[in-house]
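Please find my notes on this entry below, as numbered points. They are meant to be read with the coordinates open.

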Amino acid sequence: MLPHLDAAYNFARYLTRNPDDAADVLQEASIRAFRFFGGFKGGSVRTWLLTIVRNTAYTWMASHRRGTVNASVEDYGIERPLEPFAVVPWERLPDDPETRLLLAEDQAALMDVIDRLSPEFREVLVLREIEELSYREIAEVTGAPVGTVMSRLARARRQVQSGWRRHVALEGGGR
Amino acid sequence: MSCDDKCLLVELALDDELDPPGLAEFERHLKECPDCAVAFARQKALKGALRAQLPRHRAPSALVQRIRTALPDLPEVAAPSAEAAQATEPASRTATVVALPAWPPLVTRARVGMALSAIGGALAAGLATIWLMHVTPEERMTQAVVESHVRALMSGRLLDVASDDPKTVRPWFTGRLDVSPPVKDLSAHGYQLVGARLDYVDNKRSAALVYKRNEHVITLYLFSTPNAPVSESDAVVRQGYSVCHWSRHGITDWVVSDVDPDELEAFEDLVTGSV
């Protein structure tokens with residue numbers, strides 16, 4: 001379990017979007033994982049731990065932020081106002097956003113886009129692109145069918161692209 | 001296969017979720033289809049950017065230390081214990097017993113209070129975890145056929161041989177499988193044979209026969225199981241799909257569809273000839 005603490009912390013950090021909450025969630029999740037180790041029946045320890053981290057994080061966020069588990073991103077108490085991504089017409093873009101995304105070193109802006117995804121989209125994206133879990137493993141962690149994982153992942157990517165287009169349109173216009 | 005079907009494959013290909021033949025076919029398609037090629041390039045760029053730029057947060061060392069102190073006996077717990085062995089029984093009562101050991105020593109009073117208030121949830125989560133982790137071979141197989149069925153539907157690779165004639169479908173498997181799968185024409189009962197494919201499920205070759213009933217696709221997987229005793233299961237529902245299986249004459253059949261479980265069992269009766 002200990003070798004996977006970094007992965008567990010990283011996942012908690014993306015779910016809670018806050019280092020203090022991530023630390024609390026990880027500590028809580030570790031205790032749960034420890035207590036329930038008898039329930040571990042083989043398979044990937046990492047996937048198992050990430051499942052516990054996810055459950056802990058949602059419980060944590062629900063009880064500490066008065067949100068509900070299935071609530072959208074607005075209910076998780078982020079300080080800055082959130083507005084939905086406007087659809088930016090392609091023709092107005094200065095150049096190809098995906099190319100800019102590839103070349104840009106604008107980590108803060110990318111993180112902003114990721115943070116604005118609602119939790120069910122953010123989690124599948126993080127599990128796939130950072131933790132490099134397979135669809136099946138993501139299904140296990142999130143408790144969703146594989147087909148749902150696929151469609152959430154596709155939607156998450158589309159939202160990142162449109163969020164990035166918006167960012168490029170706003171930033172790029174002034175340059 | 002139309003381009004729309006292939007477009008679904010862009011992400012599957014990038015996520016390493018296509019099998020080698022599927023990948024080869026997709027790569028051939030990319031050379032012919034500019035739209036898919038552009039979509040593929042964009043998705044690949046996005047994936048590269050996310051992987052390169054998204055920070056991988058590492059657990060702060062003070063936190064790791066705190067957790068390490070809180071869980072001093074972890075290696076011993078990790079070893080198979082009597083409790084863990086007990087918990088392999090599917091009885092939830094046993095699981096409850098296992099789920100309630102003493103709290104680790106570091107837990108502060110405040111934390112215990114908080115934890116006690118949350119214990120219902122924690123217990124439920126724990127039991128759910130235990131249940132999730134308790135995967136029997138039958139359950140693993142159930143998941144595998146559902147996954148194969150869904151993936152075939154999503155990828156559009158439903159059929160290797162398209163025919164409503166059992167006399168065409170059955171010989172197609174000659175040399176591809178070590179059994180000759182019985183293929184029945186059930187159109188009189190409202191189940192239209194549309195064809196079959198060779199599939200690989202849970203590390204075993206399988207003849208996947210595809211039937212349709214109205215708009216529902218039914219996949220009937222046949223495995224060669226020379227030593228399997230005669231058996232049959234009730235239909236279960238997983239992820240919205242009904243699944244049931246049976247064995248006879250050295251062949252095990254698994255059938256999966258989005259029809260109701262009752263209807264799937266009716267289909268089973270037709271296939272096994274017990275009506």
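1. Buried residues account for 50% of the 175 residues in chain A. The model is predicted, and this share should be read with that in mind.

2. Chain A contains eight helices and zero strands. Read from the N terminus, its elements run α-α-α-α-α-α-α-α. Of the chain A contacts between residues at least 6 apart in sequence, 67% join residues at least 24 apart.

3. The crossing of α2(A) past α4(B) is right-handed.

4. Which residues make the contact of α2(A) and α4(B)? On α2(A) they are A:Ala23, A:Leu26, A:Gln27, A:Ser30 and A:Ile31; on α4(B) they are B:Leu63, B:Arg66, B:Ile67 and B:Ala70. Sorted by class, the contact has six nonpolar residues, two polar and one charged.

5. In chain B, B:Ser206 sits in strand β3 (residues 204-213). B:Ser206 counts as buried because it has 25 C-beta neighbours inside 10 Å, where the cut-off is 20 or more.

6. Apart from neighbours within four places in sequence, B:Ser206 is in contact with B:Asp199, B:Tyr200, B:Val201, B:Tyr221, B:Leu222 and B:Phe223. For one of these, B:Leu222, the C-alpha to C-alpha distance from B:Ser206 is 5.4 Å, with the two residues 16 apart in sequence.

Key
Residues are numbered from 1 along each chain as its sequence is written. Chains are lettered from A and ligands numbered from 1 in the order in which they are written. This is a predicted model: local features need pLDDT of at least 70, side-chain atom pairs count only at pLDDT 80 or more; totals for chains, interfaces and linings use all residues. A crossing is left-handed if the near helix is turned anticlockwise from the far one by less than a right angle, and right-handed if clockwise. Helices (H or I, at least four residues) and strands (E, at least two) are DSSP runs, numbered from the N terminus. Two residues are in contact if their C-beta atoms, placed from the backbone, lie within 7 Å. Ala, Val, Leu, Ile, Met, Phe, Trp, Tyr, Cys and Pro count as nonpolar, Asp, Glu, Lys and Arg as charged, and the others, Gly among them, as polar. A residue is buried if 20 or more other C-beta atoms lie within 10 Å of its own, exposed if 12 or fewer, and partly exposed in between; C-beta atoms are placed from the backbone.
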